[in-house]
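Please read them alongside the coordinates.

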Amino acid sequence: MNINEGPAHRSARFPGAHRVEMVMGTPVGIDIRTALPQRELRPLLDDAFTWLRWVDETFDASKAGSQVSRLARDEISLTDCAPELAEVLKRRSELRASIGKEPAPAGYVKGWAVERVSRALAAAGAVDHCVSAGGDVRVRGSARPGVPWRIGVRDPIRSRRERLRGLRDHSSHAMRTVLFAHDLAVASYDCPDRTNGIAGVTVLGPDLADAGAYAAALFAMGPARAKHLARQLALPKDTQATPYDVLIITSDGAGVTTPGFLAYAPESMAG
């Protein structure tokens with residue numbers, strides 16, 4: 001995943017703030033573009049990363065003292081835990097109905113945490129921002145006044161070829177497509193050397209935690225099952241629900257998208 005904006009565009013943008021820290025085992029970047037005073041922006045970033053570190057301490061099953069670990073050992077009950085833990089467990093259980101199993105805790109929590117940070121930033125007035133963590137990206141508002149965010153989706157097959165030729169991964173030749181959006185959650189998984197027939201999956205939608213869970217489930221399936229689930233995810237559930245759209249890249253380099261995906265990628269190289 002790549003936020004396509006070079007140094008020239010960054011220097012020309014309106015005031016904002018940017019920070020990257022290692023949290024939850026991955027670099028997390030927060031890029032705020034809203035024209036707020038620096039005295040307001042710095043505390044917003046401080047609060048966001050403080051909360052992300054709390055999430056890591058609370059949900060990391062590898063840490064003996066985390067609430068997740070203590071709950072698993074029956075040292076505490078769910079009512080003794082932070083309410084966020086019950087929220088995550090409940091939603092993971094609900095997702096089993098659509099994807100056949102509960103999403104992996106670490107992957108789900110990462111997307112959930114980034115989504116929560118994005119909502120908190122918007123509520124605090126930082127309505128133009130991008131929060132990224134590994135293959136997960138949440139954008140809101142504008143990258144520059146009136147300009148949508150550009151999110152590059154990597155092509156794992158082309159990327160492998162570029163590496164073999166000694167070129168850099170983020171070369172434009174390794175991009176499958178570029179998404180344009182003012183409000184979007186994007187979750188991606190890719191690996192060109194897998195044997196199940198799928199080299200990469202990207203899921204778009206309104207909530208990053210769910211998008212990540214769907215992307216992980218699709219990535220673990222064979223092409224036929226994945227295409228069937230993608231069609232189901234893209235169907236509106238009711239008049240209030242926003243569907244999730246999908247790009248599946250198969251091991252032979254072919255791409256399949258749900259119809260709504262093309263609304264975000266007008267120059268899509270899906271086929």
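1. Throughout this note, helices (H or I, at least four residues) and strands (E, at least two) are DSSP runs, numbered from the N terminus. The model is a predicted one, in which local features need pLDDT of at least 70, side-chain atom pairs count only at pLDDT 80 or more, and totals for chains, interfaces and linings use all residues. Residues are numbered from 1 along each chain as its sequence is written, and side-chain values use heavy atoms, with hydrogens and water left out.

2. Two backbone positions deserve a look. Met24, in the loop between strand E2 (17-23) and strand E3 (26-32), has a positive phi of about 55° although it is not a glycine. Asp74, which is likewise not a glycine, has a positive phi near 60° and is placed in the loop between helix H3 (67-72) and helix H4 (83-99). Asp74 is exposed, at a relative accessible area of 69% (exposed means over 50%, buried under 20%, and partly exposed in between, with a 1.4 Å probe and protein chains only).

3. Helix H2 (residues 38-59) packs with helix H5 (residues 105-123) at an angle of about 155°, their axes being 11 Å apart (axes are lines fitted to C-alpha atoms, for helices over the stretch in contact, and angles run from 0 to 180 degrees between N-to-C directions). That angle makes H2 roughly antiparallel to H5, a term used for angles over 145 degrees, with under 35 counted as roughly parallel, 65 to 115 as roughly perpendicular and the rest as oblique.

4. Which residues of H2 and H5 meet? From H2 come Leu44, Ala48, Trp51, Leu52, Val55 and Phe59, and from H5 come Val109, Trp112, Ala113, Arg116, Val117 and Leu121, where contact means heavy atoms within 4.5 Å. By class, the contact of H2 with H5 has eleven nonpolar, no polar and one charged residues (Ala, Val, Leu, Ile, Met, Phe, Trp, Tyr, Cys and Pro count as nonpolar, Asp, Glu, Lys and Arg as charged, and the others, Gly among them, as polar).

5. Strand E9 (residues 198-205) is mostly covered, with eight of its eight residues buried. Strand E8 (residues 183-190) runs antiparallel to E9 and is joined to it by six bridges (strands pair if DSSP finds at least two bridges between them), and Ala187 stands opposite Val203 in E9. E9 also pairs with strand E10 (residues 245-250) in the antiparallel sense over six bridges, and Thr202 has Leu247 in E10 as its bridge partner.
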